[in-house]
Amino acid sequence: MAELQEVQITEEKPLLPGQTPEVAKEAELAAGILLDQGQTHSVETPYGSVTFTVYGTPKPKRPAILTYHDVGLNYKSCFQPLFQFGDMQEIIQNFVRVHVDAPGMEEGAPVFPLGYQYPSLDQLADMIPCILQYLNFSTIIGVGVGAGAYILSRYALTHPDTVEGLVLINIDPNAKGWMDWAAHKLTGLTSSIPEMILGHLFSQEELSGNSELIQKYRNIITHAPNLDNIELYWNSYNNRRDLNLERGGAVTLKCPVMLVVGDQAPHEDAVVECNSKLDPTQTSFLKMADSGGQPQLTQPGKLTEAFKYFLQGMGYMASSCMTRLSRSRTASLTSAASIDGNRSRSRTLSQSSESGTLPSGPPGHTMEVSC
């Protein structure tokens, strides 16, 4: 298949009657600033209201990038370091972004009344069609972390025709077993809700180190004015159903998927297991060194580069310039990373600053990257 080419088309915008070029330029600049700040919307769904923020303008024949955050966070605290990273600007210039806040997690959200029944993760996934209908978007590339990764996966299983790709960070597709429940209950007797959520977000090594990042997010969660809402989201996550993914079975993700997990992350085993249940020709697995529990916060550069490769594998951004990972690849990987425009291509990425070995998994196209 011939290599896809990016074509830049300049649209001539006629001036309004009586409008000078200077005024038109100022209006265009003001509109650009507004789009950079994002436009926040709320839409009613069968399970309550949901808030989301849109950045950029829709691009013809391109999906929207839709993000969903983890427990204890909102879209800003979960994704801002990633989408504000310098190399990410090439991506966001080519795609409109929709950042979804789970109900009650948006900034300034009122606390739900006592006895409020928070939506299940399945119901949160069922809110997404209302968002896309409101925006008149037909397809998305989902980027989710933790609970958000589960929600986007559940949505993709029920609406496969509207999902072109998924980037799933720290996904745990399994329901809690009785041993997990027992451990959770015991932990709840000795730990506060903020501490349990921090243990879900970050590795024990990170929490013990008490870095500036940990202090920042401990303060965000502990002093959150909507902590009661966060606890409801946390409970919904812990009551999730098993996705019942099965390689070669009826229940599987049919789009290209990039699984991401940090080394020593709390969810490493769950992500590895998820990888074993997905189609190896459609799935990339990226284990990131020196990234802890939240790669999008601690290693936005590496994740951005991997995201660019992922988009290229889907046939987008064929002329994108690679920097960080491409410098670290060995010559033997050149053919595996070439752009062929084939949307079914798969890769397994293992970034390790120590051994560079791959996690156990199915045979397939492999890239070993040391960064």
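# A tour by side-chain contacts

Start by selecting aspartate 172, which counts as buried at 15% relative accessibility. The term buried means under 20% relative accessible area; exposed means over 50%, and partly exposed lies in between (1.4 Å probe, protein chains only).

The model is predicted, so local features need pLDDT of at least 70 and side-chain atom pairs count only at pLDDT 80 or more, while totals for chains, interfaces and linings use all residues. Residues are numbered from 1 along each chain as its sequence is written, and side-chain values use heavy atoms, with hydrogens and water left out.

## Stop 1: salt bridges

The term covers a side-chain nitrogen of Lys or Arg within 4 Å of a carboxyl oxygen of Asp or Glu. Side chains of opposite charge can pair when their charged atoms come close.

Now colour by secondary structure. Helices (H or I, at least four residues) and strands (E, at least two) are DSSP runs, numbered from the N terminus. Arginine 240 sits in the loop between H11 and strand E7 (257-262), and aspartate 172 in the loop between strand E6 (163-169) and helix H7 (178-190), so this bridge ties together parts 68 residues apart in sequence. Arginine 240 is buried, at 8% relative accessibility.

How many salt bridges does a search of the whole structure find? It finds 8.

Next, select glutamate 90 and lysine 308. They form a salt bridge, with the closest N and O atoms 3.1 Å apart. Glutamate 90 belongs to helix H3 (residues 89-92) and lysine 308 to helix H14 (residues 300-313), so the pair joins parts that are 218 residues apart in sequence. Check the accessibility of each partner. Glutamate 90 is partly exposed, with a relative accessible area of 27%. Lysine 308 is buried, at 3%.

Move to helix H12 (residues 268-277). Glutamate 273 and lysine 277 form a salt bridge there, their closest N and O atoms being 3.3 Å apart. The two residues are 4 apart in the helix, which means a separation of about one helical turn. Glutamate 273 is partly exposed, with a relative accessible area of 33%. Lysine 277 counts as buried, at 18%.

## Stop 2: aromatic rings

Show the rings. A search of the whole structure finds 10 aromatic pairs. Rings of Phe, Tyr and Trp (its six-membered ring) pair if their centres lie within 6.5 Å; planes under 30 degrees apart count as stacked, over 60 as edge-to-face and the rest as tilted.

Select phenylalanine 112 and tyrosine 118. This pair is edge-to-face, 6.0 Å centre to centre, with 65 degrees between the planes.

For tyrosine 118 the relative accessibility is 4%.

Ring pairs link Phe112, Tyr116, Tyr118 and Tyr233 into a cluster.

## Stop 3: charges over rings

A charge sits over a ring if NZ of Lys or CZ of Arg is within 6 Å of the ring centre and within 35 degrees of the ring normal. Select arginine 62 and phenylalanine 95. The charged end of arginine 62 sits over the phenylalanine 95 ring, 5.2 Å from its centre. Then select arginine 97 and tyrosine 55. Arginine 97 lies over the face of tyrosine 55, 4.5 Å from the ring centre.

## Stop 4: positive phi

Most residues other than glycine have a negative phi. Which way does phi of asparagine 136 go, positive or negative? Asparagine 136 has a positive phi of about 60 degrees. Find this residue in the loop between helix H5 (128-135) and strand E5 (140-145). Asparagine 136 is exposed, at 70% relative accessibility.

Then go to aspartate 290, where phi is also positive, near 55 degrees. Aspartate 290 lies in the loop between strand E8 (283-288) and helix H13 (295-298). It is partly exposed, with a relative accessible area of 49%.
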